[in-house]
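Here are my notes on the chain, written to be read alongside the sequence and the model. Have a look at the structure first, then go through the points.

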Amino acid sequence: MTSSADLLADLVADVDGVFLFAPTGSTYEDYREVDGEPAVVVAPENDHDAERYVELPLEFDNVRDRIRFGVEGAMDQGYCAEGDVVACAVGVFDDPIDGVIRTSVTESMHSGIYDLFANSRADPAVVRDVFDVAIELGKKGQKGKPVGALFVVGDAGKVMNKSRPLSYNPFEKSHVHVGDPIVNVMLKEFSRLDGAFVISDSGKIVSAYRYLEPGAEGVDIPKGLGARHMAGGAITRDTNAIAIVLSESDGLVRAFKGGRLVLELDPEEY
């Protein structure tokens with residue numbers, strides 16, 4: 001009788017790698033190796049002591065995003081490279097793994113999002129929540145008009161020391177966190193005013209209306225981007241924060257880390 005592992009081997013005989021997304025114990029034992037090559041496990045924890053493992057720090061509801069994140073993490077760790085074809089065994093419906101999706105590894109998959117989530121000081125869920133706010137704001141604007149916004153996430157104490165208030169801080173005595181739907185409405189309303197939002201590692205909104213003071217020396221941003229992007233790049237050069245910037249002019253959301261632009265996305269595609 002043909003085993004499930006043999007069936008999977010037939011399906012992926014001509015690929016360069018196999019990715020198992022959050023496999024159960026039995027699934028991992030069946031598929032841990034295909035054609036003599038160890039599979040790459042993409043999961044929150046390496047429960048199976050897999051030889052090749054990519055941490056999935058948060059769940060992606062969208063299967064495409066989950067696969068892109070896992071493949072980029074594998075690229076960063078040298079498990080696959082541009083031009084490879086990989087088979088991703090992933091849960092499309094309710095089961096842990098109920099489908100196999102083949103995809104080509106392209107340089108465009110190396111967007112920087114894996115490093116942004118997996119290797120940032122802030123909690124990955126906090127980073128995701130801030131992206132959600134920026135993306136929704138980019139789609140809808142403020143009362144139908146485009147707006148710009150700057151969110152500085154993580155290392156809040158140092159960020160506060162390298163900035164100054166532009167106005168009264170509405171979050172000074174509060175204990176609200178990004179991700180709360182009511183709070184996100186407030187963030188969208190305040191975004192039309194000048195200054196940056198400062199958000200802690202755990203998601204607490206520390207301040208609004210902050211003027212970031214680090215100098216721009218050594219920060220390389222694409223031509224055409226203005227002071228908001230320069231400030232976001234500079235503060236991440238001098239702290240362990242990341243900056244998520246919504247551009248008023250072109251509507252794109254960009255992320256900075258370590259003084260570099262690491263991610264650029266169009267809200268209309270999400």
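1. Charges to start with: the chain has 26 positive and 46 negative charges, and their mean positions lie 13 Å apart. Lys and Arg are taken as positive, Asp and Glu as negative, while His and the chain ends are left out. Each charge is placed at NZ of Lys, CZ of Arg, CG of Asp or CD of Glu.

2. A word on what we are looking at. This is a predicted model, where local features need pLDDT of at least 70 and side-chain atom pairs count only at pLDDT 80 or more, while totals for chains, interfaces and linings use all residues. Residues are numbered from 1 along each chain as its sequence is written, and side-chain values use heavy atoms, with hydrogens and water left out.

3. Now the overall picture. The chain has eight helices and 14 strands; these are DSSP runs numbered from the N terminus, with helices being H or I of at least four residues and strands E of at least two. Along the principal axes, the C-alpha atoms fill a box of roughly 75 × 35 × 35 Å. Of contacts between residues at least 6 apart in sequence, 58% join residues at least 24 apart, a contact being heavy atoms within 4.5 Å.

4. The areas are Shrake-Rupley values with a 1.4 Å probe, and for residues only the protein chains shown count as cover. Of the 270 residues, 49% count as buried. Buried here means under 20% relative accessible area, exposed means over 50%, and partly exposed is in between (1.4 Å probe, protein chains only).

5. Which residues form the negative surface patch? They are E45, D47, D49 and E55. Patch members have over 30% relative accessible area and no salt bridge, with like charges joined within 9 Å and nonpolar side chains (Val, Leu, Ile, Met, Phe, Trp, Tyr) within 5 Å. A salt bridge is a side-chain nitrogen of Lys or Arg within 4 Å of a carboxyl oxygen of Asp or Glu. E55 sits in strand β5 and is partly exposed, at 36% relative accessible area.

6. D49 belongs to the loop between β4 (40-43) and β5 (52-55), and counts as exposed because its relative accessibility is 67%.

7. A22 is another non-glycine residue with a positive phi, near 50°. You'll find A22 in the loop between β1 (17-21) and α2 (25-31). With a relative accessible area of 33%, A22 is partly exposed.

8. There is also a nonpolar surface patch: V92, F93 and I101, with about 290 Å² of accessible area together. V92 lies in the loop between β6 (85-90) and β7 (99-104), and is partly exposed at 38% relative accessible area.

9. Is S207 buried or exposed? S207 counts as buried, because its relative accessibility is 1%. This residue is in strand β11 (residues 205-212). Leaving aside residues up to four places away in sequence, S207 touches M160, N169, F171, A196, F197 and V198.

10. Last, I182 in helix α7 (residues 181-190). I182 is exposed, at 64% relative accessible area. From I182 to Y53, the separation is 129 residues in sequence and 37 Å in space, C-alpha to C-alpha.
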